[in-house]
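Thanks for coming. Please have a look at the sequence and the structure before I start talking.

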Amino acid sequence: MKPTILLLVLLSMTAAALSASISTPAVDRVIDKSDISGIMAKGSADTNKTDASEAISKANADSKTPLLYGDIKAPSTKNAVLCTSSTCRWPKYDRYVYVPVAISSQYTPTEQDIIIRALLTFHQSTCIRFVWRTTHRDYLYFFSGDGCWSLLGRQTGGQYVSLKKAGCLFQSTVQHEVLHALGFHHEQVRSDRDQYVQILYQNILSGQESNFQKTATNNLGTPYDFNSVMHYNKYAFSKNGQPTILAKSNPNLDFGRATNLSANDIARVNRLYQC
Ligand SMILES: [Zn+2]
């Protein structure tokens, strides 16, 4: 075989191998409004008015799943909750970060709508694009487990996001668990939290102290945000009805009541993923 022909054969083989190994986002179907069934359930308007912190702590009160920080499922293969490596992030193609998802048929169309509508809020403000999973290796699988929980960052081989039917189907809760899967931690465990909050250990339920452990987070230049959908409320894991978290600037401040992504939640996604 002539050297030029051999080179051409080798080049075409390489191209074929590459196209087989790289996912082709062009053929993925991005989730959009047409995926919403539009069947309104009684009281469904309330799904946008419930805050994540309260809902998660109620729903997880008797969860049997081993959870860190209240609602982060401990990964079986990694011992760290820190999500700083690039493998923890979802890959970006061109302008968008395509995150494949599947939603369990356990949910009614109305329940699926709540999840889809919450996913679409990320499309409105970030470069995250949720696509329906076909043959993707890594994807989010929303199902009704024993509470509201998620793993931190992208995991190899698919990962569960538990949204219990009774207790976790709110816009804020879906956003909160999805933010964990995108690599984000709770606001009150941020590396710089001691400048902004005081943790009152004397009021924390026995055995729940680790939920308040400060973590080496990547804050991406965003300010500490009491309105983040990732901030627990001031009575989280309280054993006596007294606050467990106080704002240093104003001990009377009530917080952790976000029902939607805050401007900082959005900014962090856009910075981590360079949108
Ligand atoms: Zn959480």
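One definition before the site itself: a UniProt annotation may be inferred rather than shown by experiment. With that said, the unreviewed UniProt entry gives the annotation "active site" to Glu177. Keep in mind also that this is a predicted model.

How confident is the predictor, in terms of average pLDDT? The protein averages 87, and 84% of the residues score at least 70. The stretch to be careful with is residues 5-22, where the pLDDT is below 50. Beyond near neighbours in sequence, that stretch has three contacts in the model. Where pLDDT is low, the predicted coordinates should not be read in detail.

Back to Glu177. This residue sits in helix H5, which runs over residues 171-181. Is Glu177 buried or exposed? Its relative accessible area is 0%, and buried means under 20%, so Glu177 counts as buried. Leaving aside neighbours within four places in sequence, the residues in contact with Glu177 include Ile56, Trp149 and Asp71.

Asp71 takes us to the zinc ion. Which residues supply its protein donors? They are Asp71, through two OD entries, and His176, His180 and His186, each through NE2. These donors lie 2.0 to 2.2 Å from the zinc ion. Along the sequence, the donor residues follow the spacing D-x104-H-x3-H-x5-H. Asp71 is in the loop between strand E1 and strand E2, while His186 is in the loop between H5 and strand E9, so this pair ties together parts that are 115 residues apart in sequence. Both Asp71 and His186 are buried.

Next, helix H2, residues 52-59, which is where Ile56 belongs. Ile56 is one of its buried residues, along with Ala52, Ser53, Ala55 and Ala59. What covers these buried residues? The cover includes strand E7, helix H4 and H5.

In soluble globular proteins, nonpolar side chains tend to be buried together. Here the largest nonpolar core has 54 residues, and Phe130, Phe142 and Leu182 have the most contacts inside it. Helix H3, residues 109-125, contributes the largest share of this core, seven residues. Take Phe142: leaving aside neighbours within four places in sequence, its contacts include Ile115, Leu119, Val161, Leu163 and Val178. Val161 and Leu163 are also among the contacts of Glu177.

That is what I have for today.

Conventions. Residues are numbered from 1 along each chain as its sequence is written. This is a predicted model: local features need pLDDT of at least 70, side-chain atom pairs count only at pLDDT 80 or more; totals for chains, interfaces and linings use all residues. Side-chain values use heavy atoms; hydrogens and water are left out. pLDDT is the predictor's confidence in each residue, from 0 to 100. Contact means heavy atoms within 4.5 Å. Helices (H or I, at least four residues) and strands (E, at least two) are DSSP runs, numbered from the N terminus. Buried means under 20% relative accessible area, exposed over 50%, partly exposed in between (1.4 Å probe, protein chains only). Donors are N, O and S atoms within 2.8 Å of the metal (3.2 Å for Na, K and Ca); water is not among the atoms, so sites may look incomplete. A nonpolar core is a set of buried Ala, Val, Leu, Ile, Met, Phe, Trp, Tyr and Cys residues joined through side-chain atoms within 4.5 Å.
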